[in-house]
Amino acid sequence: MIYKFRVILDAEEDIFRDIAIQEEDTLEDLHNAIVNAFGFDGMEIASFYTCDENWNQEDEIPLFDTGDEPGEQKTMADYVLNTILTEESTKIIYVYDFLNMWTFFVELGAIEEPEAGTSYPDLLFSHGIMPVTAPDKNFEATEGEDIYSDFDDDYDDEDLDMFDNDNFEDLGFDESKWN
């Protein structure tokens, strides 16, 4: 069977590619198809992330084994598409180049019979022009969430008076060892 994906760049403009790929191919094959479809050079690190129905990121599936022990961590090459993406679980997030954070929403749109004479993976449709630089990511807390609530230490300005005039207790630290 053939999996047909829509791969959407996380940007304000509509930029997406439709890709057809064999269900027995791996996530690494899908990674290569995405790199080619969007015109990347393929020289950067990338990862897929499983996600829920609302695109909330879950487990990372990296391109390379980054574990402490070789072979300890599964990579994209270890995951066959039809074992991780099904009619019930159709979404996965793809991030290319962790310095620029090109982020894509990848959704399985159809599972169909292969077309005779077509080689896969196949770029079915291309919409939008890739920007020169990755869209900015806005890392914000959700509205109404107090990001400092975990750090409420009940101190006020009067509690910090002990630090006035650089009056610190001698803790026996010998600075001459470090000079």
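1. Helices (H or I, at least four residues) and strands (E, at least two) are DSSP runs, numbered from the N terminus. On that basis, the secondary structure of this chain consists of two helices and seven strands. Along the sequence these elements follow the pattern β-β-α-β-β-α-β-β-β.

2. The structure is a predicted model, in which local features need pLDDT of at least 70 and side-chain atom pairs count only at pLDDT 80 or more, while totals for chains, interfaces and linings use all residues. Residues are numbered from 1 along each chain as its sequence is written, and side-chain values use heavy atoms, with hydrogens and water left out.

3. The seven strands form an open sheet in the order S4-S3-S5-S6-S1-S2-S7, with antiparallel pairing; two strands pair if DSSP finds at least two bridges between them. Strand S4 (57-62) and strand S7 (122-127) stand at the edges, each with a single partner strand, so one side of each has no neighbour in the sheet. From one strand to the next, the twist averages 25°.

4. Strand S3 (residues 46-51) pairs with S5 in the antiparallel sense over five bridges, and Ala-46 stands opposite Tyr-96 in S5. S3 also pairs with S4, again in the antiparallel sense, over four bridges; here Cys-51 stands opposite Gln-57 in S4. S3 and S4 form a hairpin with five residues between them, and Trp-55 in the turn has a positive phi of about 70°.

5. Leaving aside neighbours within four places in sequence, Thr-50 is in contact (heavy atoms within 4.5 Å) with Asn-56, Gln-57, Glu-58, Asp-59, Ile-61, Ile-84 and Ile-92.

6. Gln-22 belongs to strand S2 (residues 16-22). Its relative accessible area is 30%, and Gln-22 is therefore partly exposed. Apart from neighbours within four places in sequence, Gln-22 is in contact with Met-1, Ile-2, Leu-81 and Tyr-120. The C-alpha atoms of Gln-22 and Ile-111 are separated by 9.5 Å, although the two residues are 89 residues apart along the chain.

7. Helix H1 (residues 27-38) lies across strand S1 (2-9), S2, S3, S4, S5, S6 and S7, and runs at about 145° to S2. Axes are lines fitted to C-alpha atoms, for helices over the stretch in contact, and angles run from 0 to 180 degrees between N-to-C directions.

8. Ile-45, Phe-64 and Phe-98 form a nonpolar patch on the surface, with about 290 Å² of accessible area together. Patches are made of residues with over 30% relative accessible area and no salt bridge, with like charges joined within 9 Å and nonpolar side chains (Val, Leu, Ile, Met, Phe, Trp, Tyr) within 5 Å; a salt bridge is a side-chain nitrogen of Lys or Arg within 4 Å of a carboxyl oxygen of Asp or Glu. Phe-98 lies in the loop between strand S5 (91-96) and strand S6 (102-112), and counts as partly exposed because its relative accessibility is 33%.

9. For the chain overall, buried residues make up 31% of the 179 residues. Among contacts between residues at least 6 apart in sequence, 63% join residues at least 24 apart. The chain exposes about 12600 Å², of which carbon and sulfur atoms supply 46%; accessible areas come from the Shrake-Rupley method with a 1.4 Å probe, and for residues only the protein chains shown count as cover.

Definitions and conventions:
Buried < 20%, exposed > 50% of the residue type's maximum accessible area, 1.4 Å probe, protein only.
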